[in-house]
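Here is a quick walk through one protein chain, written for someone who likes cut-offs spelled out. Have a look at the model, then read on.

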Amino acid sequence: MNPSHLWTKLVPPSASGQLLAREHLAGKLANIANKRLTLVTAPAGYGKTSILVSAFNKLKADGMNPGWISLDHDDNELGRFLSYWRAAAHLKHPNAGQSVLAPLSAGVRAPVRLLASEFISSLHALDTHSFIFLDDYHLVSEPAILGLVNEVLRSPLDFLHLVIATRDARSLSLGRLRVHDQVQTINAQELGLSIRETKELLSRVGRIEVLPEHIGRIREKTEGWATGVQLAAIAMRDRENDEQFIETFSGEHGSVADFLADEVFRLQPEEIHDFLLATSILMRFNASLSEAVSARPNACDILKKLENANLFIFCLDEERNWYRYHHLFQEFLKKKLREEFAGLQPVLHERASVWFAGHGFGVESIEHAFSAGNVLQAAQLLNLNSHNLISGGRTAELMSFASRLPAELLDQMPGALLDQAWQLVACWRFKEARVSLDRVGKVIEQRAGITTTEAQRQELAFLRNKLSHRELVLAVTRDNLPATVKMASDWLVADQTNEPVMRATASSIALQARRELYRYEGIAASSKALRELFVEGGGYFAIVYHECVTGATFFARGDLDTAEQHYRLAQKTAIELHGEHSTLSSFPSAMLAELLYERNNLAEAAQLLRTHPMSAEFGLVDKLIAGFITRARLASLRGNPEEAESALDDASYFAAEYEFERLHAHVLNERVRALVAHGEARLAGKLLSEPRYQSLLPVEVSPREGVTTANELFAMANARAWIATGRASEAVAMLRQWVSFCRSRHCLRSEIRLSMLLASGYLSDGNKLAARRTLMDALKLGEGRGFVRSYLDESDEVVKTLSELGALQESQQPFDRRHLNQILAANSAVAPSSGSTNVSLPATGSVIRAQMSDRELQIIRLAAQGLPNLDIAGSMCLAESTVKWYWQRIFDKLDVRRRSDAVKQARQLQWIK
């Protein structure tokens, strides 16, 4: 949203002159800081906004710096509403309310309760009293917004105070607040003007003296309705017979607002008539926009006349540039325009669309084009603005506009269709993205047959390049990395667009894909240049991704210091763009947590994952791998195997749902590692033979040209199972090849963790001397780099051997002793160790309930209700393959082979009814 346009929503409207002093309400207004909610509720025109403005100004004078949001019908979109809240709170608290804005802007869909939880969590960061004013809240009808506000009201945020003006308070949940005496209300009766206030308002607005008896009659007829008094005062200015006017001032004429507005409107000169009707289509306007829409060159003078006459016009900024009409008055004007000049409306909207387009208000220009009924113009404007909407993070609006266009017309706007496809890819809606890209491909084929001019040929070449770029983005997001390397290389060679963000994105994608193929050439030189290219093209959002990709590449090379610098730069950029607890910042936070875990900075790693919940279906697979695997390992170190399993279950769900092979590989390796550590080697072997992994496991697990890090993880999982089942010599032979392979490609991180597993294989094979030699080489690799957990997480036997190396004389230690001491100190500081848990496995036949995890018991309960595995998976948000995996564990623990037998035994043991 244009900053100047947004700002008009965040300042209280100000009419000329001072507000009425409402002494009888002073006590309640002063009590706002002691209540969670101050509710001003009354029909239209009772001065609710004026009361809020008075309270707002008082708080501001007291140094409280409150936030204001003016709402209208167009604000019924959760992302837009939260952007207003964020901007209002930003006046004092830069990170308040930002945690869910990015995904909504990006079109990501999530349950309201989850979004509310993240939003409230971000508000907990506020450490001082915060005041948010919501004016005209009755114009909000979107259930997601209503639900969010109610969740905020129900939450224990004692420092947050809401002041809400609304005509109808039925949508607000007030029960809990009333019980705790945390809500105060100001109703229509209290808002009604007194005789003194009526007299003052008549004098101020009408600039006339009214007889005392007439004041009483007006007060009686309006029942203190401020808008009615104001309208009466304006209408009485040019009346010679007050008595006659007051007698005819009656609600019997229908809507009092319509009657008085008609009287006021009729008394204005024709020039004002035309101006009011023409500008009634605008939610806000300035002199330039008014001139364009009304086709009158003196709009500035007319605006001054309207403001001086108090003709229901409010100023929206301190510079007195933007204005709006009173909602009732605008509704009356729009109704009159429809009734008397129906054919003029499309013309006015057309003019507004042209003005907004020419002044950089892309969204408003498209909205007015739709209102004008000119769908073709709306499509053309969308085609022109779609790239800016993507770059500016306003992708939700892009998707909304696109959905309002007929498919055949959208097909004529391939640029917008390609930007829509990029957004669908970003949200992991891969099938829909595929459809959009195929549609563009057909359009290009059709145009190729009728292209005749050079300009048409250039446009067609640009579209082909853009389509190839979106195909590349789809490939990398789906984690099809081997194919991505060639696609990126081909695109960069063929690119003639000179579009910096597209070129920088393709180069960054190539960097990521090459990393997973153990190719790191050019990383140091290209990283900074690509960042500058993103900045040049305004792709600040993509900078976060690029810095994470760069950081992960340095991490793989073993340069933890440089990797951390890039992660923290990505995190800083994400916070500046969308806030500390935003979905965008969760990407670098997960990557940083993984690195901090490796450094054994466990507290900060855990804090990052706790305060930046994993936002799946947004971003790259790297984030899921880093977040879920780190979460699982932290849980294991805390002696909480169920939490570790839960993290891996979540990862398995996304791996299965989106066919992420690399995520599958990490989860498989982690599960096998945990099972072997717990002495469940047989179950680890069964896991490897499961169909979901058999289709992914390569026939040849040894390294070769073209292997990826997924192959490495699958190989490690196999090696662990072999070592645990008496095939250590086979594991050693294979692991030695992998260590040599990674050494030749300078992949230090992989070389260290493979060496630790190789040492475990040597120990199992009875070759302790080779194990020691391997560990010494691994220690030399990590000297001065910060690696810690890779040495400690393999097995207790390996850690024990490391301790024995520490006991050797310095002359026998061809490695940095300080490094080994740091590793051993880290191990002694953490209990239990990676290979020790607080769960003991009983002998077969002596199963006790304590051995069964909560998830296993829940699966048995659901099976007892007759649910098939697919339904169990759906109810528990698990992949069906994960449910089958749990059944295998249940069968082994209960020594049964069928679901019915497991349920029967669970009933006998009184675990279920």
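Among contacts in the chain between residues at least 6 apart in sequence, what percentage join residues at least 24 apart? The share is 70%, for contacts between residues at least 6 apart in sequence, where contact means heavy atoms within 4.5 Å.

Some ground rules. This is a predicted model, with local features needing pLDDT of at least 70 and side-chain atom pairs counting only at pLDDT 80 or more, while totals for chains, interfaces and linings use all residues. Residues are numbered from 1 along each chain as its sequence is written, and side-chain values use heavy atoms, with hydrogens and water left out.

**The chain overall**

There are 49 helices and 7 strands in the chain; these are DSSP runs numbered from the N terminus, H or I of at least four residues for helices and E of at least two for strands. Of the 913 residues, 58% count as buried (under 20% relative accessible area; exposed is over 50%, partly exposed in between, with a 1.4 Å probe and protein chains only). The chain exposes about 37500 Å², and carbon and sulfur atoms supply 51% of that. Those areas come from the Shrake-Rupley method with a 1.4 Å probe, and for residues only the protein chains shown count as cover.

**The sheet**

An open sheet of 5 strands runs in the order β2-β3-β4-β1-β5, with parallel pairing (two strands pair if DSSP finds at least two bridges between them). β2 (67-70) and β5 (183-186) stand at the edges with a single partner strand each, so one side of each has no neighbour in the sheet. On average, neighbouring strands of this sheet are turned by 15 degrees against each other, direction ignored. Angles here run from 0 to 180 degrees between N-to-C directions, using lines fitted to C-alpha atoms, for helices over the stretch in contact.

β1 (residues 37-41) and β4 (residues 160-166) pair in the parallel sense over 5 bridges, and V40 has A165 as its bridge partner in β4. Helix α3 (residues 48-61) packs on this sheet, touching β1, β2, β3 (130-135), β4 and β5, and its direction makes about 160 degrees with that of β3.

**Salt bridges**

Count a salt bridge whenever a side-chain nitrogen of Lys or Arg is within 4 Å of a carboxyl oxygen of Asp or Glu, and you get 51. Here are three of them:

| Pair | Closest N and O atoms |
|---|---|
| R296 and D274 | 2.9 Å |
| E516 and R515 | 2.8 Å |
| K780 and D777 | 3.8 Å |

R296 sits in the loop between α16 (287-294) and α17 (299-308), and D274 in helix α15 (residues 270-279), 22 residues apart. R296 is partly exposed at 21% relative accessible area, and D274 is partly exposed too, at 31%.

E516 and R515 are both buried, and a network of salt bridges links D479, R515, E516, D622 and R662.

K780 and D777 both lie in helix α42 (residues 768-781), 3 residues apart, or about one turn of the helix. K780 counts as partly exposed at 40%, as does D777 at 36%.

**Helix α41**

How far apart are the end C-alpha atoms of helix α41? They are 24 Å apart, which agrees with the 24 Å that its 17 residues (748-764) should span at 1.5 Å a residue; the expected span is 1.5 Å times one less than the number of residues. α41 is mostly covered, with 15 of its 17 residues buried. G766 follows α41 and has a positive phi, near 85 degrees.
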